[in-house]
Amino acid sequence: MSKTVLITGASSGIGKAAAHYFATQGWNVIATMRTPEKETELVDNQPIFVTRLDVQRPETIETAIQQGIARFGQIDVVVNNAGYGQYGIFEALTPEQVHEQFDVNVFGVMNTIRAVLPHFRARKQGMIINISSGAGRFTLPLISLYNASKFALEGFSEALSFELAALNIGVKIVEPGGTTTNFIKVSEEKIALKPLPEYDGFINASSQMFGQLKAMRLATAEEVAEVIYQAASDGTDTLRYLVGNDDFKQRVNNRLTMPDQDYVNSIKESYLPFMPA
Ligand code: NAP
């Protein structure tokens, strides 16, 4: 019998590429999104079932799971992919922006997991794959909120993996580096606009540092999708899967191997040269 995956945020980018990839590998796919009525590429036909799921609206999560089970009989894997980056200076962000970042990137994941666990417990099996980020492993300037949400997701996922392993339910974390999706555009549109001129020098310097990062080769959504599929199907209990260019992998490795203060200093050294004298 074919396996079934439920993917959140399948309207674009990594989620959409994963929906296509799992389908080509013979899986049933519950491709969920906030506005399925706008979807034109993913066709609601075997083996793909397109339905509504907004991670900020728990009732839509419950309904999507029940519809998916009704359609395919069971769910084997849930990919928590929906997310975005709230960039900008912390002081310029509103409390609503702070809450929304955690609502989508953290509480939305928790809500989805809470909703699917009874099904996984009843089947005595299941797997959860949370899409984190390099920003869940190392910090950068200008993304304190996104960093906070992905660090929270990492800690939650790692600790959850222990209690769910006891129930034969796997938890995995996929950590992409920069990937060519709508993410950068969405994040830049959400950047805080409140003018606080005291930060201008820092923002300009950090933006130049980011410009250098963006000039490096980005992963494609399809490359990330392949790694998500590998995580779903490799039969191991590996917790973390990195996807990205060599610089990205080096940054993660630096965070793991460098003394803490050396790492923090190395990040400062990457934007301080651009600061006005
Ligand atoms: P993307 O193309 O912007 O896709 C993000 C998806 O999340 C969209 O389908 C979006 O739906 C959905 N979403 C946002 N808020 C939602 C909500 N409340 N409920 C349900 N869905 C919601 O970006 P992406 O790069 O594929 O991002 C996917 C994941 O990868 C995110 O968790 C992101 O943090 C992570 N990631 C991305 C990068 C990168 O450089 N691209 C790097 C590391 C990690 P709508 O179409 O309705 O807005």
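In this predicted model, the shell around the ligand is made up of nine nonpolar residues, 14 polar ones and three charged ones. Of the 26 residues around the ligand, those that come nearest are Ser11, Ser12, Arg34, Tyr146 and Thr181, and at least two residues of the shell are supplied by each of helix 1 (13-24) and helix 4 (144-165).

**Contacts and burial of the ligand**

- Threonine 181 places an N or O atom of its side chain 2.6 Å from an oxygen atom of the ligand.
- Glycine 9 contributes through its backbone, where an N or O atom lies 3.0 Å from an oxygen atom of the ligand.
- Valine 55 has a backbone N or O atom that lies 3.0 Å from a nitrogen atom of the ligand.
- The ligand taken alone exposes 890 Å², and the protein buries 91% of that area.

**Helix 8**

- Phe248, Arg251 and Val252 are buried in helix 8, and when the helix is seen down its axis the buried residues fall within an arc of 95°, so they line one face of the helix.
- The face of helix 8 that is turned away from this buried side carries Asp246 and Thr257, which are exposed.

Technical notes. Residues are numbered from 1 along each chain as its sequence is written. This is a predicted model: local features need pLDDT of at least 70, side-chain atom pairs count only at pLDDT 80 or more; totals for chains, interfaces and linings use all residues. Side-chain values use heavy atoms; hydrogens and water are left out. A residue is near a molecule or strand if one of its heavy atoms lies within 4 Å of it. A polar contact is a pair of N or O atoms within 3.5 Å; within protein, one must be able to donate a hydrogen and the other to accept it, and residues adjacent in sequence count only if both atoms are side-chain atoms. Accessible areas come from the Shrake-Rupley method with a 1.4 Å probe; for residues, only the protein chains shown count as cover. Helices (H or I, at least four residues) and strands (E, at least two) are DSSP runs, numbered from the N terminus. Ala, Val, Leu, Ile, Met, Phe, Trp, Tyr, Cys and Pro count as nonpolar, Asp, Glu, Lys and Arg as charged, and the others, Gly among them, as polar. Buried means under 20% relative accessible area, exposed over 50%, partly exposed in between (1.4 Å probe, protein chains only). The arc is that of the directions from the helix axis to the C-beta atoms.
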